[in-house]
Amino acid sequence: MSFFRNNLDLALLILRIGFGGMMLTHGIPKLQKMLSGDMGFADPIGIGETPSLVLTVLAEVVCAVMVLVGFKTKWAAIPLAFTMLVAGAIVHAADPFGDKEHSLLYLAGYLALALVGGGKYALDYVLSKKE
């Protein structure tokens, strides 16, 4: 049974590194845009361009790093899943499936991480052993 458990933890590590790391390639340019003072951004859910940009950066940078290292993985995956749901279902709603496919793939990965957490090779696991 430990063989399967070890593979699950390894799979969760790969999922976290892949999804957290790749999301940074989307979030960091938005962070740079925001830091340069350019707050123009889509407003897909009607809260304003600036709040939309700030929340997207928080998800795609801060939460992505948290997922990457496995810190509060279940909680960090929720804003990422929501952001990807908005991107796939609202921002790219009228686009062909190929244009929304990336956000929906991210959504699936973040939902899985929200359900099962980061696994044994996560910062949460290390911190839980010190308590």
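**The surface and its setting**

Mentor: The chain exposes about 7600 Å², and carbon and sulfur atoms supply 71% of this area. Accessible areas come from the Shrake-Rupley method with a 1.4 Å probe, and for residues only the protein chains shown count as cover. This is a predicted model, in which local features need pLDDT of at least 70, side-chain atom pairs count only at pLDDT 80 or more, and totals for chains, interfaces and linings use all residues. Residues are numbered from 1 along each chain as its sequence is written, and side-chain values use heavy atoms, with hydrogens and water left out.

The part you ask about is a nonpolar surface patch of about 800 Å². The patch is made by Ile 45, Ile 47, Val 54, Leu 55, Leu 58, Val 62, Phe 82, Leu 85, Ile 90 and Val 91. At least two of its residues come from α2 (49–69), and at least two come from α3 (73–91). Helices are DSSP runs of H or I with at least four residues, strands are runs of E with at least two, and both are numbered from the N terminus. Leu 55 counts as partly exposed because its relative accessible area is 48%; buried means under 20%, exposed over 50%, and partly exposed in between (1.4 Å probe, protein chains only).

Between α2 and α3 there is a loop, and Lys 72 is found in it. Phi of Lys 72 is near 50 degrees, a positive value in a residue other than glycine. Most residues other than glycine have a negative phi. With a relative accessible area of 42%, Lys 72 is partly exposed.

The chain has five helices and zero strands, and its elements run α-α-α-α-α from the N terminus on. Along its principal axes, the C-alpha trace spans about 50 × 35 × 20 Å. Of the 131 residues, 33% count as buried. Among contacts (heavy atoms within 4.5 Å) with a separation of 6 or more, 65% are between residues 24 or more positions apart.

Helix α2 also takes part in a charged pair. Lys 30 forms a salt bridge with Glu 60, with the closest N and O atoms 2.8 Å apart. The pair links distant parts of the chain, Lys 30 in helix α1 (residues 2–35) and Glu 60 in helix α2, 30 residues apart. A salt bridge is a side-chain nitrogen of Lys or Arg within 4 Å of a carboxyl oxygen of Asp or Glu. Both Lys 30 and Glu 60 are buried. By this rule the count comes to two salt bridges; Lys 33 and Asp 38 also meet in one, at 3.0 Å from N to O. Lys 33 is partly exposed, at a relative accessible area of 25%, and Asp 38 is likewise partly exposed, at 38%.

Finally, consider Asp 9, which has its place in helix α1. Asp 9 counts as buried because its relative accessibility is 1%. Leaving aside residues up to four places away in sequence, Asp 9 touches Gly 119, Lys 120 and Tyr 121.

Terms used
Patches are made of residues with over 30% relative accessible area and no salt bridge: like charges are joined within 9 Å, nonpolar side chains (Val, Leu, Ile, Met, Phe, Trp, Tyr) within 5 Å.
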